[in-house]
Every structure is written in C-alpha cells, then in structure tokens.
Amino acid sequence: MDQIAIPTEWPERVTREWAFGGSTGGGVGVCILDSGVDGAHPRVGGLESAVVISLDENEDVVTEADMEGDVSGHGTACAGIVRDVAPEAAISSVRVLGSNSKGSGAALLAGLRYAVEQGFDVINMSLSTTKKPFASTLHELADSAYFRRTVLVASAHNMPVESYPWRFSSVISVGSHEDPDPLAFFYNPNPPVEFFGRGVNVAVPWLGGRTVTASGNSFATPHLSGICALILSKHPELTPFQLKSVLYLTATNVGGGGQ
Amino acid sequence: MNGKPDLQAAVAAGVVGSEESFRALLGAIVEVARSIFGATASSILLLDAETDELVFEAVVGEGEDTLIGTRFPAQTGIAGWVLATRTPLVIEDVQNDPRFARDVAEDTGYVPKGMMAAPLLYDEDALGVLYVLDRPENTLFSLQEMELLGLFAHQAAIAVDLLLKARRAERILREDGDELGVVAKLAATMDSLEDARRDAGFRLLRDLASTLGALNS
C-alpha cells in the first residue's frame, strides 16, 4: 500500500487558492514549441534555452542553438502570455518552423520528441498537423509525455478538418473564450475540446519589440500553459492526470468561479 | 505518364471548368470574404510546393491590380506560420509598421493595421492561406467571427482544390501532347453534343470499348 500512497495532501475541497494561490510559476520549465521566441522582448524577459529543429537534405533531424529567433512573431506572443500568467516560469523555445514548409510536419514531430526528452514540465503547442501518417507517432509521443509527467497543452482546431495532436486524450486541448480575465478558464462538457482559455483580443508581444492585439485558439493555449505552470510550481508532484483533475475542479464554470 | 489516373485527368480536363472560371470563383470568394467581415481587402495565396513559395492567386481591394502572381517564401511571416501550423489567427492594432505583413506591403505600399489569416485545408493538405485585411476600426473581434473565418476558409479550400485539380489535368495534357489530347477533346465534344448525337456517340464509344475488350474487364 505504501507504494501507492498519494504524495499530495488533497484538501476536502480543491480551491483555486489551494491550487495556485500565491504561485508565480517558479521552478517550472515551460517549452514553447513554435516559430522561435524573441527572448529580448521586454514582455518575454529572457529565455532558459533556444534551439531550432530542422531536417537536412537526407531528412535527418538537426538540432542547433537558435541564433535567428522568431520567424513569425507567434512564438514570442505565446512566451509573453506564459510570462504574464506565470512570471517566474523558466521559458525555453524549441523552434520547429522556418526551414522548409514541406518538412514542417516532420520537424514538428522531431521538435516534440526533443522537448519530451528534455523533460520540460509543460510543452505549449499552439499548432497542429493534418497529416494522417504523423498521427500515430504523435499519439505515442503524447502518451510518452503523459507518463513522464510532461504536460502537453495543445490548440484545438475550430475548422472542419481532422488534425492532431489536440484530439488525443493524453493532452490538454484548448479552445477560446471571450472573457478578458487571463485566469478565467472553462471546462467543456462536450469534448474533444477540453478547456477554453482567453483567446480573443489579447495584447501580446510581437516582433521588433512591439505589442499587437491577437485572437485565436493559439493564444488561448499559452494561457492554460501558464495556469498549469502556476499549479505545478505549487504542487510539483502532480501527474498530468491529477493536474487535469485540478484544472477541472478549479475551472471558472466548475468550482473556480467565485474563488 | 502514369497510366489510368492521367487518362482520367485528360477526360476531366475536357469537361471540367476552365482556369478562367475557377479564377472567377476565387475572385468571388475573396469579394464575399471582404464583404462579410467589412474589411478593406482580401486575398487567397496558394502554396507552390516546387519552389516553396506562396503566390497571390486572387486579390480584392488594395493591391488587386499589382499583387496577383507575386511570390514570397512560404516559411516565414504570418502566412507562413498559418500554413505550417494549419491554424488560423487574427492580428490587429499594428501601427503603420511596414515590417508587418511585408508580403502585402512591399508591392503595394499598403500597410495593413490588422489581418485575419486562415489556412486553406483540404483533406490532409494545406493548399494556401486566406487573408482578410483591415476589419473596421474600433470594433472588437469576436468568437463568432473566428468561427465564421474557419468555416469560410474551409469553403474556399474546396474551391481551391478544384482549381488545382483542373490545373493538374491541363498540365498532364500539355506535357503528354497528342495521345491524351485526343481523349480530352473527345470527352469535351461528347459533353457538348445535343441529346440525339450524344446518344449515337455513346453507342459508338461502347462499340469501341467492346472491340478493345474494355467492357470485359
């Protein structure tokens, strides 16, 4: 029985105060798997590490230090949102875009594999692929992350197409709500999308030190990643299953509305 | 030549719409996109997989006289992100900064303050990107518009898929020369015949198919 003792003292009622009250995200590693991140942007405030994953002409995976930074602005926006929500989280960038659009699906897989191997606590994936041949490998990677206590937070698709990895039950999938509160998030009783985070008219950092207003599920996702970082900072022993349960219990429309 | 699929493409080339009619369809799509979002401009960019570039195929509003045919690398910028990640996004409140939407700005001098961009997804492929530029100022973007953008891009993707199939069929005909050209012309002619002659034509074709053993297989 000792082997299955639960290491966390669970309160009678899980509240937001218990879950992440007073947390700043310190000690939690968050990976932004995206277009790169401009670590010098004041709203990002530095990075722990930055690598770029690409495929060479023989389709072998190449992992290098990322000297170029963000190739679109999107990764910087996601990093800025995580920084806003969890100011002391350790943010790293794994860039999987910008080398060749043909190989973008393969680079995404290789980047995710790299991020899982690095043991980040949270991986923010504001992107998806529609390529069916990649689905089974992505599924294995998502499960592998789940059992290694790495939480994959993935953007849901709001277009009528099949895409991955957000549909897998081992990830936390995120759609958008319109509430301007960055800590407001809702549980969706009609999956496959599991949670809704702030994703409409969000002021985010962009290239060149600028700030723009952005909307899309890809901006709701880092809000949930930041909230996961807050919870894991206070309760580092939580498994992804327990973390998801805490998210459910503290969702604005479940138990977290008036807390 | 790859055998049966090329012959089917040749028959299709004879009877499906022309490049012009599909271009007109894409033009109508961007016109409606601009209208439903109350935007200043809208465009469709298609991926040229051989050169890994995005090409403006249909434009309405700013740049409609100059942008069509313009290309830029498919891996960077907002369109590049949308294409590679299969994910729509909306960026607004960009203050007159030419680095933003450089693809549009460099050829027209028109610098949008905001853009909606959605991938054109058909089956497993990302075919291109739909842009809607400069929604009305002082109006907040809504979740409802996000849904609409996704649905509208899906419809546009179906039209783009038809255009690409028609182009492929025409290319096969061009490259193959006479052999498939005969099949395409025959299909086009059959398609345009009035009923009586069409029936007679089909009887002849069935006899030919029977002689060649096609009906036994």
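**Backbone tour: cis peptide bonds and positive phi angles**

Begin in chain B of this predicted model by selecting B:Arg86, found in the loop that connects helix 3 (77–85) with strand 4 (89–92) of chain B. Although the residue is not a glycine, phi of B:Arg86 is positive, near 60 degrees. Colouring by burial places B:Arg86 among the buried residues, because 26 C-beta neighbours lie inside 10 Å and the threshold for that class is 20 or more.

Most residues other than glycine have a negative phi, and most peptide bonds are trans. The remaining stops in chain A may be viewed against that background.

Select A:Asn201 next, in the loop between strand 9 and strand 10 (202–205) of chain A. A:Asn201, which is not a glycine, has a positive phi of about 55 degrees. Is A:Asn201 buried, partly exposed or exposed? A:Asn201 is partly exposed, since 17 other C-beta atoms lie within 10 Å, a count between the limits of 12 and 20.

Then move to A:Pro192, in the loop between strand 8 (186–187) and strand 9 (195–198) of chain A. Display the backbone of A:Pro191 and A:Pro192: the peptide bond joining them is cis, with omega about 25 degrees.

For the last stop, select A:Tyr164 and A:Pro165. Which geometry, cis or trans, does the peptide bond from A:Tyr164 to A:Pro165 adopt? This bond is cis, and omega is near 10 degrees. A:Pro165 belongs to the loop between strand 6 (151–155) and strand 7 (172–177) of chain A.

Note on methods:
Residues are numbered from 1 along each chain as its sequence is written. Chains are lettered from A and ligands numbered from 1 in the order in which they are written. This is a predicted model: local features need pLDDT of at least 70, side-chain atom pairs count only at pLDDT 80 or more; totals for chains, interfaces and linings use all residues. Helices (H or I, at least four residues) and strands (E, at least two) are DSSP runs, numbered from the N terminus.
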